[in-house]
Amino acid sequence: MLLMPTTMSIIGNSANGSADYGAKHPATVVPSTIIVFLPGVTEQHQEDVRNSFEFAVRAATKQVAGINYARWHRVFESVLHNIHWFNLQSESGRAIQRPVLHIIPVSDSERHLAKEALRALQNPDNEDALRLFCDQHPTSNAAREDVQRLFFGGGGRCTRSAKFQLTFCSEVDGELSASSFFIQLLHSGGATEVTIEFHKHGLNTHLYGKLRSHLKKRLEGSGESKQIPIQY
């Protein structure tokens with residue numbers, strides 16, 4: 001099954017539908033996830049996405065140990081739904097052989113932003129963000145090598161199991177959505193399988209607003225919260 005039509009732009013119909021290649025756009029890393037904010041997302045909604053995704057990631061990680069990544073993702077989605085995110089579109093997973101950035105069906109401008117964010121991760125100045133994204137890798141070098149192989153290609157095969165999410169966040173006429181590619185890297189018996197699936201969620205901002213402060217306080221009070229911004 002194809003993830004989406006190969007020419008689709010996930011940003012939707014908006015005056016900001018074509019990103020400026022020369023502009024500076026923010027991205028943020030939370031555990032196992034890089035969130036690329038497309039032009040037009042307000043600062044408040046960027047914070048809502050960061051906090052929602054970190055909260056769901058940490059809840060799933062506490063409930064699911066090891067490499068049962070499919071179950072981990074089900075818990076992640078369940079937590080998102082509990083905090084007023086809702087499903088807009090899902091495509092089941094499939095095995096891939098080519099680099100992730102070569103096959104995700106997004107617009108050229110969206111692909112460019114993702115490339116720049118992932119390249120920025122490999123800059124030594126962003127080592128903390130790299131380690132947070134690759135939170136199952138033992139060293140920075142191992143993380144850097146697998147990001148290169150998995151997303152850009154070249155340099156041999158990945159040699160460890162891991163999970164990643166690449167999320168594009170957009171806002172059109174006040175409606176917020178997050179389009180995520182969930183990638184599972186499973187290594188067993190000398191063989192590595194890479195699968196990818198697609199999930200698009202919207203946020204009920206009215207209902208979320210009622211728990212916004214409580215969720216933020218829970219993250220801050222946990223002593224574990226970590227969100228690292230990247231400029232590129």
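Student: Why is Asp48 called buried?

Tutor: This is a predicted model, and the label rests on a computed area. Asp48 has a relative accessible area of 0%. Buried means under 20%. Asp48 therefore counts as buried.

Student: Which residues does Asp48 touch, not counting residues up to four places away in sequence?

Tutor: Asp48 touches Leu203, Tyr208 and Arg212. The cut-off for contact is heavy atoms within 4.5 Å. Asp48 itself lies in helix H1.

Student: What makes H1 mostly covered?

Tutor: The count of buried residues does. Of the 21 residues in H1, 16 are buried.

Student: How do you know how the span of H1 compares with the expected one?

Tutor: H1 covers residues 43-63 and reaches 31 Å from its first C-alpha to its last. The expected span is 1.5 Å times one less than the number of residues. For H1 that expectation is 30 Å, and the computed reach is close to it.

Student: Are H1 and H2 oblique or roughly antiparallel to each other?

Tutor: Their axes cross at roughly 135 degrees and come within 8 Å. Roughly antiparallel needs an angle over 145, and roughly perpendicular runs from 65 to 115. The H1 and H2 pair is therefore oblique. The crossing is right-handed.

Student: Which residues make that contact?

Tutor: From H1, they include Phe53, Phe55, Val57 and Gln63. From H2, they include Arg71, Trp72, Phe76 and Leu80. By class, the contact has 11 nonpolar, 3 polar and 1 charged.

Student: Now H4 and H6. What makes them roughly antiparallel?

Tutor: Again, the angle. The axes of H4 (residues 108-121) and H6 (residues 140-152) cross at roughly 165 degrees. The cut-off for roughly antiparallel is over 145. H4 and H6 therefore take that label. Their axes come within 10 Å, and the crossing is left-handed.

Student: Which residues meet there?

Tutor: Lys115, Leu118 and Arg119 in H4 meet Val147, Phe151 and Phe152 in H6. That contact has 4 nonpolar, no polar and 2 charged residues. Lys and Arg count as charged.

Student: Why is His84 called partly exposed?

Tutor: Its relative accessibility is 25%. Buried is under 20% and exposed is over 50%, with partly exposed in between. His84 therefore counts as partly exposed.

Student: And Asp173: why is that residue called exposed?

Tutor: Asp173 has 77% relative accessibility. The cut-off for exposed is over 50%. Asp173 therefore counts as exposed. Its phi is also positive, near 55 degrees. Asp173 is found in the loop between strand E4 (162-172) and strand E5 (175-188).

Student: Step back to the chain. How many helices and strands are there?

Tutor: The chain has 7 helices and 7 strands. Along the sequence they run β-β-α-α-β-α-α-α-α-β-β-β-α-β.

Student: How much of the chain is buried?

Tutor: Buried residues make up 53% of the 232 residues.

Student: What share of the contacts with a separation of 6 or more joins residues 24 or more positions apart?

Tutor: The share is 68%.

Notes: Residues are numbered from 1 along each chain as its sequence is written. This is a predicted model: local features need pLDDT of at least 70, side-chain atom pairs count only at pLDDT 80 or more; totals for chains, interfaces and linings use all residues. Side-chain values use heavy atoms; hydrogens and water are left out. Helices (H or I, at least four residues) and strands (E, at least two) are DSSP runs, numbered from the N terminus. Buried means under 20% relative accessible area, exposed over 50%, partly exposed in between (1.4 Å probe, protein chains only). Axes are lines fitted to C-alpha atoms, for helices over the stretch in contact, and angles run from 0 to 180 degrees between N-to-C directions. Angles under 35 degrees count as roughly parallel, over 145 as roughly antiparallel, 65 to 115 as roughly perpendicular and the rest as oblique. A crossing is left-handed if the near helix is turned anticlockwise from the far one by less than a right angle, and right-handed if clockwise.
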